[in-house]
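Student: Could we go through this structure together? I would like to start with a strand and its partners.

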Amino acid sequence: MSSESPALSVTGLYKKYDQFEVLKGLDLTLRPGAIHGLVGLNGSGKTTTLECILGLQDFDRGEISVLGHSPGNLHSAQGKIVAIFDSPSLNPNLTVRQSLRQALLLCEGTTRKPEELEAQLGITRFSNFKIRNLSLGNKRRASIAHALLADPEIILLDEPFNGLDAGGVDEVLALIKSLNQQRGTSFLLSSHQLPYLEDICSHVAILHDGQIAANDEKSRLLGSVQSTIRIQTDDNARAAEIIGQQAGLSLQANSNSDMLLVSSNQVGPADINRQLVEQGLAVSEIVAERASLDSLFRRITQGTNP
Amino acid sequence: MNLAVTGFIKALRSELLVARYTLGAWLVVLLPALFISLQFLVVRISETGAAARDSLLGQGDFDAMIANNAYGHFVDGLSTGLTLLGLLLVAQAAYSFSTDRDSGALRHLLIRCSSRRAVVLAKLVHLHVLALLAILLLIATSYLVSGNLWEFGPIVEDGFELISEEEIAAEIKLGLQLALIPLPAAIAFGVLVSVVANSATQAVVSALGLSLALDVFKGMLGEYAYYLYATFQPSLLDQSYLQDVSRLVRGYSDVLVDERFLQLNQWVPFPALLLLLVASLLIVQKRKV
């Protein structure tokens, strides 16, 4: 596998459940060493996409390659590809340590040790607990340790932050960052937790209506989004008129009599404030909302292009 | 080593590790032996009571004499143990694949080291390992406990040896061999149900329900029952040869051995095993896991 080849490539993926077409020609490429976030509304097909990539369910059309392996043949990568699922996906009758010993059997040649990962994920004191007796957060930690034992090149995570407390989320984020930086591990993360993805991802893909609606480096995607300025004055109708005449500003359609929402490329809130005050208006609120993954996601999924 | 073989070995080692730590696997191995030990004790206590009564009444007959021969009890122990083992193995086989799919544990095996077919084969082999351990323990327990509670010896009536110990041993060996031949097919049936079912509960209930239904209805199938592997298994409505052996080693001379039945017993379970296995391997390729 050359460093130029994508770690993961999905081309023209179609998947239908009965008459409902979930994926309509999805294309996705994951570069080696990238942390790629996959976001989408509930039922948009994120988990279906991951399951198709992992060969856990059939798809109707399309091509998928993970480190050069087809989905039905990922086992031939011998542990270089692993996944962490929404549910813990471990045998509930085993203890944490037994479960990690089982993981060792699945991935010969790994340099990682169960004790080391238990300590790293803060589950050492639970190592003799049966998986079924753990809290959801600790089950998730155990399943992450189970996956990391394989010393993988690419990790696919489905909703990795579900059930974790704030400390747990920080641990997982730190773990992803360190694996990515120290070992060059590639990640595909599907999640609803947009702030966490924004914090950690190098690339983001937004899945909407069965296709990838936006997919690029995070900085480029966010750079393409106009910032929004929220304004409230004593006469919003007059304020809207003044803003409408100003170059570089445009009033958003979802503005109302209580609140004006203004898209701005170059003009900052200080300039707008000055103009409104000069026109004799009393500005009671002016807030600049920075371009975020959340705002980009909302715009795309609510039908407005960035 | 070939990737397919490596994947199979990894899956098998994983199955054996899980079996080592789970109650279900231990129950499959231990329960038949424990159950027949208890059965022997109950029979012995009731026989002792009956013997005391007969002694008080000054009675004693051939039936009482042969009841003291351990061979009959040994075979009864095997028959009961294998009936229970058959049901336990079907249940465990039905549980094996479906529970891993329910918990999601199967996904890690498939993504990291084994193909779906290798996983099914590993489960089948691991169930056979459990069966082998259970059978060895069952034979040893049945032999030791029956030998301790009764006495092994030839069938003798009025000083005349009706059946020698060598003849008894040969019959028991044949009966045991014929009773064990359908066991792999029963395991494969459980695995097939496990692969097809949508949940572990559904799989176990369906597999046990179908096994018991087959047992009940095989009597109504007439000649066709001979083409069903389950006919030859020791079961609740037992038609197996081991049941005849139980009477033979007790000296009953009215046992009619049907040679055709014995032939079919030897050959029918193999194609059944093959069919069930091929069906499992084909279906598992298409299942969402």
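Tutor: In β8(A), His203(A) is the bridge partner of His36(A). Please note that this is a predicted model, in which local features need pLDDT of at least 70 and side-chain atom pairs count only at pLDDT 80 or more, while totals for chains, interfaces and linings use all residues. Residues are numbered from 1 along each chain as its sequence is written, chains are lettered from A and ligands numbered from 1 in the order in which they are written, and side-chain values use heavy atoms, with hydrogens and water left out.

Student: What counts as a strand, and when do two of them pair?

Tutor: Helices (H or I, at least four residues) and strands (E, at least two) are DSSP runs, numbered from the N terminus. Two strands pair if DSSP finds at least two bridges between them.

Student: Which residue in β7(A) is the bridge partner of His36(A)?

Tutor: That partner is Leu188(A). Strand β7 (residues 186-190) of chain A runs parallel to β3(A), and four bridges join them.

Student: Is β3(A) mostly covered or uncovered?

Tutor: Strand β3 (residues 35-40) of chain A is mostly covered, with six of its six residues buried. Buried means under 20% relative accessible area, exposed over 50%, and partly exposed in between (1.4 Å probe, protein chains only).

Student: Which way do the residues of β3(A) point?

Tutor: Ile35(A), Gly37(A) and Val39(A) point one way, whereas His36(A), Leu38(A) and Gly40(A) point the other way. In a regular strand the side chains alternate between the two faces of the sheet.

Student: How many bridges pair β1(A) with β2(A)?

Tutor: Strand β1 (residues 8-17) of chain A pairs with β2(A) over eight bridges, in the antiparallel sense. Ser9(A), for instance, stands opposite Thr29(A) in β2(A).

Student: On to helices in chain B. At what angle do α4(B) and α9(B) pack?

Tutor: Helix α4 (residues 70-103) and helix α9 (residues 200-217) of chain B pack at about 155 degrees, with their axes 8 Å apart. Axes are lines fitted to C-alpha atoms, for helices over the stretch in contact, and angles run from 0 to 180 degrees between N-to-C directions. The two helices, α4(B) and α9(B), are therefore roughly antiparallel. Angles under 35 degrees count as roughly parallel, over 145 as roughly antiparallel, 65 to 115 as roughly perpendicular and the rest as oblique.

Student: Which residues make that contact between α4(B) and α9(B)?

Tutor: Among them are Leu87(B) and Val90(B) of α4(B), and Ala200(B) and Ala203(B) of α9(B). By class, the contact has eleven nonpolar, three polar and one charged residues. Ala, Val, Leu, Ile, Met, Phe, Trp, Tyr, Cys and Pro count as nonpolar, Asp, Glu, Lys and Arg as charged, and the others, Gly among them, as polar.

Student: And how far apart are the axes of α2(B) and α4(B)?

Tutor: Helix α2 (residues 23-57) of chain B and α4(B) have axes 9 Å apart and pack at about 150 degrees. Those helices, α2(B) and α4(B), are therefore roughly antiparallel as well.

Student: Why is α5(B) described as largely enclosed?

Tutor: Eight of the eight residues of helix α5 (residues 105-112) of chain B are buried, so the rest of the structure largely encloses α5(B). The buried residues include Arg107(B), His108(B) and Arg112(B).

Student: One last topic: which phi does Asp158(B) have?

Tutor: Asp158(B) has a positive phi of about 50 degrees, although it is not a glycine. Most residues other than glycine have a negative phi. Asp158(B) lies in the loop between β1 (155-157) and β2 (160-163) of chain B, and Asp158(B) is exposed, with a relative accessible area of 77%.

Student: Where is Gln78(A)?

Tutor: Gln78(A) is in the loop between β4 and β5 (81-84) of chain A. Its phi is positive too, at about 55 degrees, and Gln78(A) is partly exposed, with a relative accessible area of 26%.

Key:
Contact = heavy atoms within 4.5 Å.
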